Amino acid sequence: MRQQPRWKLYLVLLVALGSIYYALPSILGGGNIPSWMSQKVIHQGLDLQGGLYLLYDVKVEEAVKQAANNMVDTARNVLRKERQRYRGIEQVGADRVVVRLTPKSDAPRMVSLLKEEMRESDVEHFQPEAQIRLTLGEAEKEEIRKYAVDQAIEIIRNRIDAFGVSEPSIQKQGKRRIIVQLPGVENPERAKGLIGRTARLDFKLVNEKADLGRALEGRVPPDSLLMYEERGGREGDKQEYPLVVLKRTVLSGQHIQNAQTTFNEYNEPIVSIKFDGVGGRKFSQITGEHIKERLAIVLDGKVQSAPVIQDKIAGGRATISGSFTREEAHDLAIVLRAGALPAPLVILEERSVGPTLGADSVAQGLESILIGGVLVIVFMVLYYKGFGLLANLAVMLNVSILMTLLAVMQATLTLPGIAGAVLLLGMAVDANVLIFERIREELRLGKSPLAAIDHGYGKAFSTILDANITTLITAVILYQFGTGPVRGFAVTLSIGLLASMFTAIFVTRVVLAEFVKNRRIKKLSI
Amino acid sequence: MQIFGKAPHFNFIGKRKLAMIASIVMVVLSLGSLLTQGLNFGIDFAGGTLIQVRFDKAMDLAPVRKAIAPIELGDTVVQSFGAPEEVLIRVEKQGKSNEAQQAIVNDVMAALKPLAGDNGVEMRRVEFVGPQVGEELTEKGMLAMLYAMIAILIYISIRFELRFALGAVAALVHDVILTMGFFSILQKEFTLVVVAALLTVVGYSLNDTIVVYDRIREEMKRMKRQPLTNIINEAVNRTLARTLVTSLTTILVLLALFFLGGAVIHDFALTLLFGVVIGTYSSIFVASPLVLWLDPAKRKKIADEAEASKEGA
């Protein structure tokens, strides 16, 4: 064994000290890290610290439908402005609006005007029926879908921020899915209600002329809708009251500037909203024109309340009452402030772990690591004596490098991740075993101790490389195709494999070389 | 301490026909079970809802079943989980909508409250997987396995030779089938975590196989004039001490995990324990003989050899 360059020893010492420096904070845990130490601790997955994981699917087609619905209004406005008579404008299917003109109307001019107004749609004219068909273009629909997902993420983020969750994570997955992770949430049902609620607010006038009895039989006037209002106290004794409202939304939630919980004269929680400039003007105009009529406040298709307009309301303020609990009112204010989701969300996958289970898992996981580790350490010393100590040093350094990398990369440690680490303990020993068995073989062949060490490392090298690389390949593929906890496992496994190659091949050899330097070794402790 | 003072001389390759019969029997049993009763897919793959609760006292399962019976959940499994206070309720995927599945958790918790008083029951874990996601996970799992095999095939073909690659992959397929068969026969719940374990078995088994192959390659250079049977025997024997020590240390850790790691990790450890044993067996008795069988030139040589030894006798 030739004299080794000094830098190798320094590198090993540097790695050892560095990894201890970075690994210690995670061992000490949360609050008690001295200020001179790195503040980066290993990020624990939701299965370890407790919390809520949600995978949402954004119903993007609903956003497309809504966009087509908006075309109805636009088309109506265009025709009204031109004082054109028409027989009807209606949405057909998800992405098409049909305008039926009267035979006398100036169809070609309307087509060009509508084209001008709605550039993103295909406008076709069917001569004999005097029909104009407006169809959303493919590119436009794709844009709407993408916007719906991005907008939903933005709104979910605002809602969660207002709710107050530390370190939430909201990510887009694929084209139309959203992953929400909320560590430490203790009331998953409430969080779900807050995130998943569409919160589409519409103000619609009540159709006072309509006959409620006939509407209930299914004969609703074409310009109206049959809706229900929920009234009454707490769970159980809530009752639904039918109501006929005009289809047209006179004012919508997008004009809300702020929303807050307040209390009415009976000390019941209500939500008071403030409109922006445009909304305030509209609101004052509507209330001015419809005194003594009822205005229905519709939230997600359900009438919250339908108060009679007493007077013109200026100043852009309104209140929403309903039989809310304080919590409900508070959450409603949050969702109204953050805005409506452009499309409904559906939960595809949900995992919630209570904080006590997470803590139990960590305790048990760490305990089994410790005991498994001690068993291996004892075995190695019994079996390889002095070299066993060396291997143990390497394995401990290995664990500390693993912890360092997990902390620095801010990777997430999950339960399967801990399991992966435990398994690595067993496998990290393998590289050392390969080398030591080779050294023993060489010794049996009668080689001198130093030559045996040299040959042992040399010959084991390619085996270790091949064996670790193939395992690494599986880990990488696991990461690529896995989700959640499996990914955590793959990350831990990959990092651990790399660390074990470094410690087994490089570190032990450098330490060994330092040990046998200047000594005439006759016998190896192996 | 050493297992073998000198390199042992077991005739592993001589037992290859016995091993082949044993492997075929095990594979047939596994496939038979997989085809007839299949895997007991957990909600990760089948879709459904899982609720883990803890009572403040040990709880019999009968009253729990009785309490949730009125909810009409359909196919429901109620079992103890780890400790007598912990109860796991698994509701299979139903024809119901996602929303209806979602409501299950509230209904179940409400039904359990009378059993233990308001604060006597704690919701420890809820998992809900929609049917769509379950299908995707199954597909992804299968693909991961397939891609892993292909990648390994390519890597070993480059580093060794094609027949080694084929041998290694055949050994892997063998190990995966047996481990899945093990799960099917015991009807243990097959979850995402088990898939992670299965892939780790692949990694471990491969590790073992590569170590033996590496030695075969080395001995081929050293013992050029020897028949391949002797070369393989020599390689397996020379790596035997390492194989046993590594299996032992890994099993030590896995046993700690199995007994102390907690209920969530239990099946993971079980899969790995089974896999490590099978992986070790397959690297000696499946992967190594396959190198012999997959080489036409060498096989002829063996036949000649056998002929010669017969004539000599």
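Modeller: Let's begin with one pair: T319(A), in β17(A), is the bridge partner of S272(A). This is a predicted model, in which local features need pLDDT of at least 70 and side-chain atom pairs count only at pLDDT 80 or more, while totals for chains, interfaces and linings use all residues. Residues are numbered from 1 along each chain as its sequence is written, chains are lettered from A and ligands numbered from 1 in the order in which they are written, and side-chain values use heavy atoms, with hydrogens and water left out.

Biologist: What makes β14(A) and β17(A) a pair of strands?

Modeller: Strands (E, at least two residues) and helices (H or I, at least four) are DSSP runs, numbered from the N terminus. Two strands pair if DSSP finds at least two bridges between them. Strand β14(A), residues 269–275, is joined to β17(A) by 4 bridges, so the pair meets the rule. The two run antiparallel.

Biologist: Why are β13 and β17 of chain A called edge strands?

Modeller: They belong to an open, antiparallel sheet of 3 strands in the order β13-β14-β17 (chain A). Each of the two edge strands, β13 (256–263) and β17 (317–320) of chain A, pairs on one side only. From one strand to the next, the twist averages 25°.

Biologist: Which strands of chain A does helix α9 lie across?

Modeller: Helix α9 of chain A (residues 326–338) lies across β13, β14 and β17, at about 170° to β13(A). Axes are lines fitted to C-alpha atoms, for helices over the stretch in contact (heavy atoms within 4.5 Å), and angles run from 0 to 180 degrees between N-to-C directions. Helix α8 (residues 277–289) of chain A lies across β14 and β17, at about 105° to β14(A).

Biologist: How do you know that β18(A) pairs with a strand of chain B?

Modeller: There are 5 antiparallel bridges between β18(A) and strand β5 (residues 121–129) of chain B, and the rule asks for at least two, so they count as paired. One place to look is E350(A), which stands opposite F128(B) in β5(B).

Biologist: How many residues of each chain are in contact?

Modeller: 67 residues of chain A are in contact with 76 residues of chain B. The two chains bury about 6,200 Å² between them, 63% of it on carbon and sulfur atoms. Buried area is the accessible area (1.4 Å probe) that two parts lose on being put together, summed over both. In chain A, R351(A), D466(A) and F481(A) lose the most area to chain B, together 10% of what that side buries.
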